[in-house]
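Please read these points with the model open.

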Amino acid sequence: MLLKPSRYIVTVPTEQGVTLCNTLTKSIIEVTSSSANTVFAVLKSPNERAENFCETIEILRRTGFLVETGYDELAWLESQYRRQEEATSNALFVTLIPTMKCNLACGYCSQEFMPFEITEDGTNVLLKFLISELRNKGRLYLTFFGGEPLIRPAFVNRVCTELNNLADAESKKVEFMMVTNGVLLDEKVSRNLLLSNRVKVIQVTFDGNQKSHDSRRIPKDGSATFSRILGNVKLMLAVIAEKKLDSVRVMIRVNLFNETLSEIDALLDYFTESEKRHFRIYFRPVFNTDHWKKENADNSRLTEYFALAEAKGFQVSRNMNYGYQYCEGGGGANWLNIMGNLDVWKCSNGNSESVASASTCQCASEAAH
Ligand code: SF4
C-alpha cells in the first residue's frame, strides 16, 4: 500500500519536541525532540522508508497522519458536511450573543475586546429573522451565549416568549439553551428560565475547585463567586426535581488549570447523590491566550478526570460528537452565531470573520451553509 502525508497536519513546537495534530481525524501525537527528525522524514516520504520504520508508519497511518495515496480526504470531508447538511436541513442552530459584557472578568476571556450590545431595534430585526427561519425550517435550536446572557434578562424573555408562542400556534419546534456563569441564576431566575421560557439546557462553569475558581472567575472587585454559583446551581437542581422537569438537561463544565485529581475530587464532593441525577459534568482545559496556554500545559490527561467523576457516580459528557468539526465553537451545516450588532459568524471563535448580517435576513440564512 502506497502512502502520502495527510493534508490536515498541524505542527506545534513544545518544550519536549513537537506536537502533531491532525485536524481531520482529531488525532494528537507528542513527538520528542530526539524522534522529531525521523517522524518528519517518514511523513515526507513514507514509501521510501517503509522497511526501516514500519512501527512509526503504522502509528502514523492508524492516526490518519499518513493516508493511502488514492484517498481523497477533501472529498471525505465534503461528504461529511453534506451528510450533516441533509440531516439538519429542516433545522437551524443559532448561537445568540446579545452582549459580550459580563459581570465577571476572568483573565483568559476575550469579552472585553468586543463591546457590542443588541439594541431594541436589533432585537426586532433578529426576531423577524428567527421567526421567518422557524416558519420555513420548522425546527430552531437557540443557545444564549455571551458575555453573560443573564445581564440581558428582558432580551432573553422576549426572544423565548415570542418564539415559544409562535411554535405553539403553528406546531413548530423551538428549543432554548443557555450558557451562563451562574452568578445571576438565583431561584427566581431559574424558575423563570425553566418554567416560563422553557429553556431546556443550561450550562454553568466552574473554574476548577473552589480555591482556583475564586482566584479566576471573579468580578472586577475580585470578590469570591464559587459559593454563590454553587448555591444557585443547587437551587436550580431543586426546582428541576420539584417540578419533575425530566427533559431539562443541566451541564456542569469544569475548566481545568493544572489542577490535580485530588483538587477536582474535592469539587465533586460538593454535590449530593440526588443532585447528581439531574446534571451531567464534563472537563475542559482552558486554552485561549498565550499566557493561559503556557499556564495550562499539563492538562492533556482528561480521561483521568472523567474516570474520577464516573467513579463518584456522576453522569459525564465524555465525548461531544461534532462529526467532522474539529472544535466546539460551532461552524457546522445550518449553524450560525449572531452577535449583538447582528453580525453573523460561522463559528463562535471566528471573531474576525463576519460572514453576513442578520439585518439582511436572506444573507444570514445562506451563511448557515
Ligand atoms: S464568565 Fe465567561 S464571559 Fe464572563 S468573563 Fe468569565 S469567561 Fe468571560
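1. Val 10 touches Cys 21 and Thr 23, leaving aside residues up to four places away in sequence; contact here requires C-beta atoms, placed from the backbone, within 7 Å. Val 10 belongs to strand S2 (residues 9–13), where strands are DSSP runs of E with at least two residues, numbered from the N terminus.

2. Val 10 counts as exposed because it has 11 C-beta neighbours inside 10 Å. The cut-offs are 12 or fewer for exposed, 20 or more for buried, and partly exposed in between.

3. The model is predicted; local features need pLDDT of at least 70, side-chain atom pairs count only at pLDDT 80 or more, and totals for chains, interfaces and linings use all residues. Residues are numbered from 1 along each chain as its sequence is written.

4. Helices H9 (residues 261–268) and H12 (residues 302–311) have axes that come within 10 Å and cross at roughly 35°. Helices are DSSP runs of H or I with at least four residues; axes are lines fitted to C-alpha atoms over the stretch in contact, with angles from 0 to 180 degrees between N-to-C directions.

5. On the H9 side, Leu 261, Ile 264, Asp 265 and Leu 268 meet Glu 304, Tyr 305, Leu 308 and Ala 309 of H12. This contact has six nonpolar, no polar and two charged residues.

6. Which residues come nearest the ligand? Of the 11 around it, they are Cys 102, Leu 104, Cys 106, Cys 109 and Asn 181, a residue being near if its C-beta atom, placed from the backbone, lies within 6 Å.

How values were computed
Two residues are in contact if their C-beta atoms, placed from the backbone, lie within 7 Å. Ala, Val, Leu, Ile, Met, Phe, Trp, Tyr, Cys and Pro count as nonpolar, Asp, Glu, Lys and Arg as charged, and the others, Gly among them, as polar.
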